[in-house]
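Hello,

Here is the structure I promised to pass on to you. Have a look at it first, and then read my notes below.

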Amino acid sequence: MDRRIQKSRQAIMEAFVSLLGEKGFEKMTINDIADRANVNRGTVYLHFTDKFDLRDQCIETYLQQLAESCLPEGEMTPVSSRQLLLQSFEFLRAHAAIYSILMTGKGNPIFRERMMDFMRQGITDFLSSYSIPSAVSREVEVQFLTSAAVSLMEWWVEEGMPFSPSEMVDQLYTLLLRYFQMPAGERGQ
């Protein structure tokens, strides 16, 4: 993609996220986005069909960037999963301005839903690679862990990151180890 096209596209997406934080999705217009991105309205329409397409592509782009920041390079192990979590928290800290807006959603929960899907798949893959006995349905376990992880990330971002990424991973791992070291029968009761 031509650099100018990339630059315009990025400016439009950044303007969209900024306005999402200020006005919310429903109140922003294509004119608002074009003005903030310092492009004309036609340029926005060259890249995106409408603001719904812009929202969807923006969400996909930022989720992809988050995913790429924490993709494993080899086989998933408990050590590598810890490192991937740390990379995720560090990435969120480095890009807090964008992700705090996307995660809070300003009345638009699509980013959270897509993030839940992404995390659910990762947790499913991780649990499938280990035979951890449990009296709980795998589906329930995956949903529980996914909700906990995403909610914890949201809380951390919304609260202004009161702990370092390393401290967050340590605390999350302590909770997970407590859960997985619990006898299977106690986890299912």
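**D32 and its surroundings**

Leaving aside residues up to four places away in sequence, D32 touches L19, K23 and K27, where contact means heavy atoms within 4.5 Å. D32 has its place in helix α2; helices (H or I, at least four residues) and strands (E, at least two) are DSSP runs, numbered from the N terminus. A15 is 17 residues away from D32 along the chain, and their C-alpha atoms are separated by 8.5 Å.

A word on conventions before the rest. The model is predicted, so local features need pLDDT of at least 70 and side-chain atom pairs count only at pLDDT 80 or more, while totals for chains, interfaces and linings use all residues. Residues are numbered from 1 along each chain as its sequence is written, and side-chain values use heavy atoms, with hydrogens and water left out.

**The chain as a whole**

The chain has 10 helices and 0 strands, which gives the pattern α-α-α-α-α-α-α-α-α-α along the sequence. It has 189 residues, of which 38% count as buried; buried means under 20% relative accessible area, exposed over 50%, and partly exposed in between (1.4 Å probe, protein chains only). Taking contacts between residues at least 6 apart in sequence, 65% join residues at least 24 apart.

**Helix α1**

Helix α1 covers residues 3-22, and its 20 residues should span 28 Å at 1.5 Å a residue. That expected span is 1.5 Å times one less than the number of residues. The end C-alpha atoms are 28 Å apart, so the model agrees with the expectation.

Which residues of α1 are buried? They are R9, I12, M13, A15, F16, V17, L19 and L20. These buried residues pack against α2 (30-37), α3 (41-47), α4 (51-69) and α6 (96-104).

At the N-terminal end, D2 caps α1, with a side-chain oxygen 2.7 Å from the backbone nitrogen of R4. D2 also forms a salt bridge with R4, and their closest N and O atoms are 3.3 Å apart. By salt bridge I mean a side-chain nitrogen of Lys or Arg within 4 Å of a carboxyl oxygen of Asp or Glu. Of the two partners, R4 is exposed, with a relative accessible area of 64%, and D2 is partly exposed at 32%. Just after α1, G24 takes a positive phi of about 85°.

**Salt bridges elsewhere**

Side chains of opposite charge can pair when their charged atoms come close. How many salt bridges are there by this rule? The count comes to 9.

One of them is between E154 and R112, at 2.7 Å from N to O. E154 lies in helix α8 (residues 138-158) and R112 in helix α7 (residues 110-128), so this pair ties together parts that are 42 residues apart in sequence. E154 counts as buried at 11% relative accessibility, whereas R112 is partly exposed at 28%.

Another joins the side chains of D117 and R120, at 2.9 Å from N to O. The two are 3 residues apart in helix α7, so about one helical turn separates them. Both are partly exposed: D117 has a relative accessible area of 37% and R120 has 26%. Salt bridges that share partners join E60, R114, D117 and R120 into one network.

**R55 in helix α4**

R55 lies in helix α4. Is R55 buried or exposed? R55 counts as buried, at 12% relative accessibility. Its side chain is joined to that of D56 by a polar contact of 3.1 Å. A polar contact is a pair of N or O atoms within 3.5 Å; within protein, one must be able to donate a hydrogen and the other to accept it, and residues adjacent in sequence count only if both atoms are side-chain atoms.

**Cavities**

The structure holds 2 cavities of 30 Å³ or more. A cavity is a set of points, on a 1 Å grid over the protein atoms alone, where a 1.4 Å probe fits but cannot get out, and lining residues have an atom within 4 Å of a point. Grid points are joined across faces, edges and corners, and a volume is the space filled by probe spheres set on the points.

The second largest cavity has about 30 Å³ of space. L66, C70, S88, M115, F118, M119 and M153 line this second largest cavity. Helix α7 gives the largest share of that lining, 3 residues.

Best wishes

Terms used
1 Å grid on protein atoms, 1.4 Å probe; cavity = no way out; pocket = protein on both sides within 12 Å on 5 of 7 lines; lining within 4 Å.
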